[in-house]
Amino acid sequence: MHEDRELATRAARGDMVAFEALYRRHSSRVHAICLRLTADRHGAEEAVQDVFVRLWERLGSFRGESAFSSWLHRLAINTVLQTMRSTRRREARVMTSDDGELEDAPIRTLAVEERIDLEDAIARLPQQVRTVVVLHDIEGFTHEEIALMMSVPPGTIRSQLSRARKTLLQWLQR
Amino acid sequence: MTHLTDELLDTAADGDALAPTDAEHLRACAECQTNVERLRALRGRLAALPQALPTDGDLWPTVHGAIRARRRRRLVFTSSFGLALAAALLIAVVRIGNGPGAVPPGTETSAELAELKALAPPVVVEAMAANLTIYDAALRELEAFAASERENADVQQRIEELRRKRAALLRLASNS
């Protein structure tokens, strides 16, 4: 939007009032992305802070070729994915796990009496498949775009997506 | 009868084209059609989730604080860098005035110093060896900082500025 672009230009020149206005306009949307990707309230809030600090530092590189919101959402997704990768690498070093980068936790089965809504169900998915279903079915990215963001082949994205949807359907049918 | 695989059901639910034999199976198989419809309904529910979810509290003060802290760190870094540069120039003046005793040069400066030896007196070459080492260390530090701050035009500008000053000092020494 035109207003976003104007605020971004002012903020890039160091105008903190304009930057706060951008924060107020976009923080809830960025939070939704971060919360669904991390499935963790505290982690999501930390991610939102990281995203806006990065945004402040990178505003100068916003060329206005795409909508500011799309650019910001990409920045948010990349920030969360980067944090997830670092955490996985750190955990792998500590646990000396043999699991490959794309191995994911097994999908647990739910007890019959356990009824969950859609947001809960998404949050309970293992990290990799959750990321794929959030980016594809909620955020609307293509398999190829997600493959690039996650540095994995598109075929892997398709199978992760299939796994996610099948599991969600099973859980939600209860 | 062999039904469509999960991935093919997804392909159909996403509206992407199936191979002719798979499309034919789907047209004829009520079970696969039901599964595709369930997947489509799920996609619809996912797409209809709220796009914005407010945070529990206002995170702006924390974001603002983090930005201010970074600005302060950058200011300290910039000031330290300015002091280091001033110190390097002071050493150059003192060394040129006081004669031998300079720090040995790093390998990257060897070629430049070899050229300088043919043009300038030994005392100048020695002082330049010390100063180029300091410049190179400052450049390395700035370049490492720039690698983690790729979008930071200010750091890039300072690197360029330092390179220009280094080259100017070399020219000055060559003409001494």
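# Notes on the A/B interface and the salt bridges

1. Starting with the interface: chain A and chain B bury about 3600 Å² between them, and 59% of that is on carbon and sulfur atoms. In contact terms, 40 residues of chain A meet 33 residues of chain B. Bear in mind that this is a predicted model. Its scores are ipTM 0.84 and pTM 0.67.

2. On confidence in chain B, the average pLDDT is 81, with 78% of the residues scoring at least 70. The stretch to watch is residues 99–103 of chain B, where the pLDDT is below 50; beyond near neighbours in sequence, this stretch has 11 contacts in the model. I'd keep that pLDDT in mind when reading those contacts.

3. Now the polar side of the interface. Between chain A and chain B there are 16 residue pairs in polar contact, counting pairs with both residues at pLDDT 80 or more. Which elements of chain A give two or more residues to the side that touches chain B? They are helices H2 (16–38), H3 (41–58), H5 (118–124), H6 (127–138) and H8 (154–173) of chain A. H2(A) gives the most, with 11 residues. By residue class, this side of chain A splits into 17 nonpolar, 10 polar and 13 charged.

4. Salt bridges next. The search over all chains turns up 23 of them, and seven salt bridges cross the interface of chain A and chain B. One pairing between the chains is Asp56(B) with Arg41(A), at 3.8 Å from N to O. With a cut-off of 4 Å for a salt bridge, that 3.8 Å pair is within the limit. There is also a network of salt bridges that links Asp137(A), Arg165(A), Asp10(B), Asp14(B) and Arg43(B).

5. Asp10(B) from that network also turns up among the buried residues of helix H1 (residues 6–13) of chain B, along with Leu9(B), Thr11(B), Ala12(B) and Ala13(B). What do the buried residues of H1(B) pack against? Their partners are H8 of chain A and, from chain B, helix H2 (20–28) and helix H3 (30–47). After H1(B) comes Gly15(B), with a positive phi near 80°.

6. Is Thr55(B) buried or exposed? Its relative accessibility is 17%, so Thr55(B) counts as buried, the cut-off being under 20%. The side chain of Thr55(B) reaches the backbone oxygen of Gly57(B) at 2.6 Å. Leaving aside residues up to four places away in sequence, Thr55(B) touches His31(A) and Glu45(A).

7. Within chain A, have a look at Glu139(A) and Arg29(A), whose side chains form a salt bridge at 2.6 Å, N to O. This pair links distant parts of the chain: Glu139(A) is in the loop between H6 and helix H7 (143–150) of chain A, Arg29(A) is in helix H2 of chain A, and they are 110 residues apart. Both Glu139(A) and Arg29(A) are buried.

8. Because Glu119(A) lies in helix H5 of chain A and Arg36(A) in helix H2 of chain A, the pair ties together parts that are 83 residues apart in sequence. On burial, Arg36(A) is buried with a relative accessible area of 4%, whereas Glu119(A), at 25% relative accessibility, counts as partly exposed.

9. Another pair in chain A is Arg74(A) with Glu145(A), a salt bridge at 3.5 Å, N to O. Arg74(A) belongs to helix H4 (residues 68–95) of chain A and Glu145(A) to helix H7 of chain A, 71 residues apart, so here too the pair links distant parts of the chain. Arg74(A) is partly exposed, with a relative accessible area of 32%, and Glu145(A) is also partly exposed, at 27%.

10. Finally, the overall build of chain A. Its secondary structure comes to eight helices and zero strands. Of the 174 residues of chain A, 47% count as buried. Among contacts in chain A with a separation of 6 or more, 61% are between residues 24 or more positions apart.

Definitions and conventions: Residues are numbered from 1 along each chain as its sequence is written. Chains are lettered from A and ligands numbered from 1 in the order in which they are written. Side-chain values use heavy atoms; hydrogens and water are left out. Contact means heavy atoms within 4.5 Å. Buried area is the accessible area (1.4 Å probe) that two parts lose on being put together, summed over both. A polar contact is a pair of N or O atoms within 3.5 Å; within protein, one must be able to donate a hydrogen and the other to accept it, and residues adjacent in sequence count only if both atoms are side-chain atoms. Helices (H or I, at least four residues) and strands (E, at least two) are DSSP runs, numbered from the N terminus. Ala, Val, Leu, Ile, Met, Phe, Trp, Tyr, Cys and Pro count as nonpolar, Asp, Glu, Lys and Arg as charged, and the others, Gly among them, as polar. pLDDT is the predictor's confidence in each residue, from 0 to 100. Buried means under 20% relative accessible area, exposed over 50%, partly exposed in between (1.4 Å probe, protein chains only).
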